Amino acid sequence: MSRTASLLAAVLLAGVVAGPSALPAAATPPDRAPAHLAAQHQNSAVAAAIAGLPSADATAALVRVGGDEGVWRGSSGVHDLRTGRPADPDARFRAGSVTKVFTAAVALQLAAEGRLDLDRSARSYLPGLIPASYGDVTVRQLLNHTHGIPAPDSPGTTVEEVYADRFRVHDPRDMVRSATSKKPEFAPGERQHYLNIGYTITGLLIERVTGDSYEHQVARRILHPLGLRDTYLPGKNPRIAGPHNHGYQTMRLDDGTTGLRDVSVWGSTDGWAAGDLISTTADLERFTGALFQGRVVRGPLLAEMFTLPEVTDFKSGKPAAYSVGLSMKVLGGREVWGKTGGRWGYNAAIASTRDGSRTLVYSVNSTDAKGQDMNKVAENIMVAVYGRP
């Protein structure tokens with residue numbers, strides 16, 4: 001057994017838990033209880049969802065629930081498996097595809113200013129990069145994943161191969177060239193396929209129309225006005241600056257066994273405008289509130305973030321679930337809008353009811369953050385806050 005795996009086993013055996021413990025469920029079902037009792041029941045369920053970490057699924061979890069229906073804050077698990085000290089509730093983490101919400105917001109701000117036309121072709125802005133075969137793809141289609149552009153080539157197919165290549169610096173233009181050298185998956189606007197490439201191109205569009213870096217535009221338009229002091233875009237730096245809980249990934253180790261490897265240091269240039277944001281739960285909660293209140297994207301263009309295209313998913317055939325920047329799922333009988341994200345060792349999410357009555361932000365240090373299924377701890381948090389699909 002590896003040293004990290006041995007430490008995890010020891011921590012689990014000792015029952016180290018930071019944050020709230022599991023609490024008994026309320027006697028009154030939440031759908032029939034008064035509002036304050038329903039909120040107490042939900043908060044108890046959230047506490048139970050993150051109790052007992054580290055586990056096989058996650059080593060730490062940070063959660064913030066807000067809105068008119070009640071406020072709850074909690075953390076569980078460990079900062080790292082070597083020391084076993086409690087997880088830092090104010091820690092920074094990789095937010096993954098939550099980055100797309102920030103990118104979409106900047107693009108919509110530029111549209112409101114008349115500098116970016118959602119109905120204009122992306123090629124008209126980047127004629128030397130996007131080939132004629134994708135000449136009909138519009139900016140809106142990039143943002144709502146109905147563009148039909150496939151994913152670029154990946155340097156590895158297994159987590160071990162990707163880990164070995166983790167410090168490679170990816171050029172977004174090269175990724176666009178790789179993707180657009182292939183045949184379209186479908187005609188623009190006919191289906192929806194959630195991929196990063198539309199947001200990689202959007203990041204380049206932002207730079208083209210502003211004459212500025214994508215990173216500086218996000219900082220100037222969102223981070224600084226909202227006072228998000230612990231949120232930043234890391235560029236080529238593979239490390240998380242400042243306090244952070246370590247992320248671990250289950251993979252094959254050097255001795256041939258399968259165990260947990262510390263993957264906290266990992267380059268994210270492959271994500272860039274689609275997935276390289278680093279933040280905290282407090283900052284993302286502030287951002288979520290401002291976004292849903294119309295203080296980030298103002299006026300009629302905010303409706304783009306809450307409008308699903310009337311197409312079906314490319315793979316499942318189900319109705320489209322992604323809008324411009326966000327996604328929607330019916331949980332507990334009501335629409336919940338938000339965005340999840342995953343980088344190796346880290347899962348994150350922002351979510352809210354449309355009226356802001358119940359908001360959620362979490363970071364889960366998942367041991368398989370890019371698995372095909374949603375991390376069990378993250379899923380339990382979402383269900384505890386909003387109810388089942």
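Tyr248 stands opposite Asp262 in strand S6. I start with that pair, in what is a predicted model. Tyr248 belongs to strand S5, residues 248–252, and S5 and S6 pair in the antiparallel sense over 5 bridges. The two strands form a hairpin with 5 residues between them. In the turn sits Gly256, with a positive phi of about 90°.

Trp272 has a positive phi of about 40° although it is not a glycine. Most residues other than glycine have a negative phi. Is Trp272 buried or exposed? Its relative accessibility is 8%, so Trp272 counts as buried, the limit for buried being under 20%.

There is another residue of this kind. His145 is not a glycine either, and its phi is positive, about 65°. His145 is placed in the loop between helix H5 (139–143) and helix H6 (159–164). With 2% relative accessibility, His145 counts as buried.

One more backbone item, this time about a peptide bond. Most peptide bonds are trans. Leu53 and Pro54, however, are joined by a cis peptide bond, with omega at about 5°. Pro54 is in the loop between helix H2 (35–50) and strand S1 (58–66).

Strand S1 takes us to the sheet. Which strands form it, and in what order? There are 6 strands, ordered S2-S1-S12-S11-S10-S9, in an open sheet with antiparallel pairing. At the edges are strand S2 (72–77) and strand S9 (327–331), each pairing on one side only. Neighbouring strands of this sheet are turned by 20° against each other on average, direction ignored.

Within that order, look at S11 and S12. Strand S11 covers residues 346–353 and strand S12 covers residues 359–366; they run antiparallel and 6 bridges join them. One of the pairs is Ser352 with its bridge partner Thr359 in S12.

Ala282 lies in helix H10, residues 281–292. Ala282 and Val361 are 79 residues apart along the chain, while their C-alpha atoms are separated by 8.3 Å. Ala282 has 34% relative accessibility, so it counts as partly exposed.

Now the helix packing, with helix H9 in both cases. First, H3 with H9. Helix H3 (residues 99–112) and helix H9 (residues 214–226) have axes that come within 10 Å and cross at roughly 80°. That angle makes H3 roughly perpendicular to H9. From H3 the contact includes Phe102, Val106 and Leu110, and from H9 it includes Val218, Ile222 and Leu223. By class, the residues of the contact of H3 with H9 are 8 nonpolar, 4 polar and 1 charged.

Then, H8 with H9. Helix H8, residues 197–210, packs against H9 at an angle of about 80°, with the axes 9 Å apart. H8 is therefore roughly perpendicular to H9. Which residues make the contact? On the H8 side they are Gly203, Ile206, Glu207 and Thr210, and on the H9 side Tyr214, Glu215 and Gln217. The contact of H8 with H9 divides into 2 nonpolar, 3 polar and 2 charged residues.

Two residues remain, and both involve H7. Thr180 lies in helix H7, residues 172–180. Its side chain reaches the backbone oxygen of Val176 at 2.8 Å. Not counting residues up to four places away in sequence, Thr180 touches Leu129, Pro131, Ser133, Tyr134 and Ile149. Thr180 is buried, because its relative accessible area is 6% and buried means under 20%.

The other residue is Phe167, in the loop between H6 and H7. Its relative accessibility of 46% means that Phe167 counts as partly exposed. What does Phe167 touch, leaving out residues up to four places away in sequence? The partners are Pro238, Val265 and Gly267. Phe167 and Asn237 are 70 residues apart in sequence, and their C-alpha atoms are 9.0 Å apart in space.

To go back over the backbone points: the cis bond is between Leu53 and Pro54, and positive phi values occur at His145 and at Trp272.

Conventions: Residues are numbered from 1 along each chain as its sequence is written. Side-chain values use heavy atoms; hydrogens and water are left out. Helices (H or I, at least four residues) and strands (E, at least two) are DSSP runs, numbered from the N terminus. Buried means under 20% relative accessible area, exposed over 50%, partly exposed in between (1.4 Å probe, protein chains only). Axes are lines fitted to C-alpha atoms, for helices over the stretch in contact, and angles run from 0 to 180 degrees between N-to-C directions. Angles under 35 degrees count as roughly parallel, over 145 as roughly antiparallel, 65 to 115 as roughly perpendicular and the rest as oblique. Contact means heavy atoms within 4.5 Å. Ala, Val, Leu, Ile, Met, Phe, Trp, Tyr, Cys and Pro count as nonpolar, Asp, Glu, Lys and Arg as charged, and the others, Gly among them, as polar. Two strands pair if DSSP finds at least two bridges between them. A polar contact is a pair of N or O atoms within 3.5 Å; within protein, one must be able to donate a hydrogen and the other to accept it, and residues adjacent in sequence count only if both atoms are side-chain atoms.
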